[in-house]
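Student: I've got a model open and want to learn how to read its ligand site. Can you walk me through it?

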Amino acid sequence: MFKKFAAGAIVSAALLATPAFAACDSGEMVIKFSHVTAETGHPKGEAAAAIAKRINEEMDGTACMEVFANSTLFDDNKVMEALLLGDVQVAAPSLSKFESFTKKYRVFDLPFLFPNMDAVNNFTQGPVGKDLLNAINDKGYVGLGYIYNGLKHFSADRPLIKPSDAEGLKFRVQTSDVAVAMIEAMGASAQKLAFSEVYGALQTGVVDGQENTWSNIYSKKFFEVQDGVTVTNHQLLTYLAITSKEWLDSLDPEVRDQFLTIFNEEVVAANAKATALNEQARENIVAAGGVVRELTPEQRQVWVDTMRPVWDQFKDDIGQDVIDAAVAAGE
Ligand code: SIN
């Protein structure tokens with residue numbers, strides 16, 4: 001049975017954070033999963049909750065998982081170090097946040113590369129995508145799998161119909177140099193900010209716009225402090241679920257197998273629901289009075305033509321073979 005959280009039961013006082021899902025009895029190995037998004041109505045939040053539920057039911061007495069959502073434990077920069085220190089065992093930062101570990105993941109950020117999530121699935125589940133899971137093994141991490149979110153859209157404090165409407169504006173981006181180049185191609189400037197700082201930065205005018213998926217724009221209320229969202233589907237947001245090699249290697253083989261089996265099964269199940277969750281979030285934005293602007297195919301093509309040259313800047317870091325495999329996945 002899925003056990004309820006007993007307030008403060010085993011949370012380290014030093015960390016002063018409360019897990020959304022906890023189920024740990026004394027003697028059980030605690031697996032902390034730290035992430036930055038909402039717990040419900042969100043592809044990553046729901047994936048984490050489903051994994052925790054299965055572990056807490058099926059590994060009861062051996063292991064338990066606590067989920068810390070909404071950046072309550074670590075943000076995406078700090079969590080990488082926390083994994084190696086053993087302060088947390090699982091995280092799932094977006095692939096845009098691995099710049100300082102590998103340049104290979106830049107492929108996932110190339111604008112207008114993946115036409116839809118089927119293409120993303122073809123790529124991540126194919127040989128090249130599976131190989132990329134290992135791109136940061138030499139830094140002490142193990143890629144557990146890809147947790148999907150969806151394609152991103154632009155919002156700003158004014159209507160965006162053409163890329164040139166963004167000229168002179170400042171956009172928040174993740175810690176991704178591809179995203180910076182993409183914004184600069186629009187004649188705008190980019191500021192890298194942690195996810196937890198985006199709402200405040202939009203509200204106070206530190207930045208004028210942002211780009212994200214429906215589930216993030218809705219759950220973090222970005223639409224409330226923007227003029228509207230333009231449906232661009234310009235770039236992917238997907239997560240790499242990771243753990244530390246040291247922790248994974250330390251597990252008894254049967255425990256490790258059970259953990260990995262549950263993890264993989266729940267990621268597959270969660271990924272099948274990601275697009276529907278994003279569509280629901282889009283409907284929620286409209287129902288809450290948010291403005292959503294569609295582009296005609298001709299208008300969208302201007303965005304594609306503006307951003308497509310960015311690929312050339314990064315092709316040597318990524319490898320033309322990897323880009324070709326990603327393009328083929330969408331054909
Ligand atoms: C996330 O979805 O985990 C955060 C993405 C962002 O930083 O925009």
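Student: How far does a polar side-chain atom of Arg 172 lie from an oxygen atom of the ligand?

Tutor: A polar contact is a pair of N or O atoms within 3.5 Å. Here, a polar side-chain atom of Arg 172 is 2.7 Å from a ligand oxygen. Asn 212 has a side-chain N or O atom 2.9 Å from a ligand oxygen, and for Asn 216 the distance is 2.9 Å. Bear in mind that this is a predicted model, where local features need pLDDT of at least 70, side-chain atom pairs count only at pLDDT 80 or more, and totals for chains, interfaces and linings use all residues. Residues are numbered from 1 along each chain as its sequence is written, and side-chain values use heavy atoms, leaving out hydrogens and water.

Student: Which residues surround the ligand?

Tutor: Near means a heavy atom within 4 Å. Among the residues around the ligand are Val 36, Lys 44, Phe 195 and Tyr 239.

Student: Why does the ligand lie between domain 1 and domain 2?

Tutor: Domain bounds come from an automatic or database assignment. Domain 1 (8–148 + 239–274) and domain 2 (153–235 + 283–329) both give residues to the shell, so the ligand lies between them.

Notes. A polar contact is a pair of N or O atoms within 3.5 Å; within protein, one must be able to donate a hydrogen and the other to accept it, and residues adjacent in sequence count only if both atoms are side-chain atoms.
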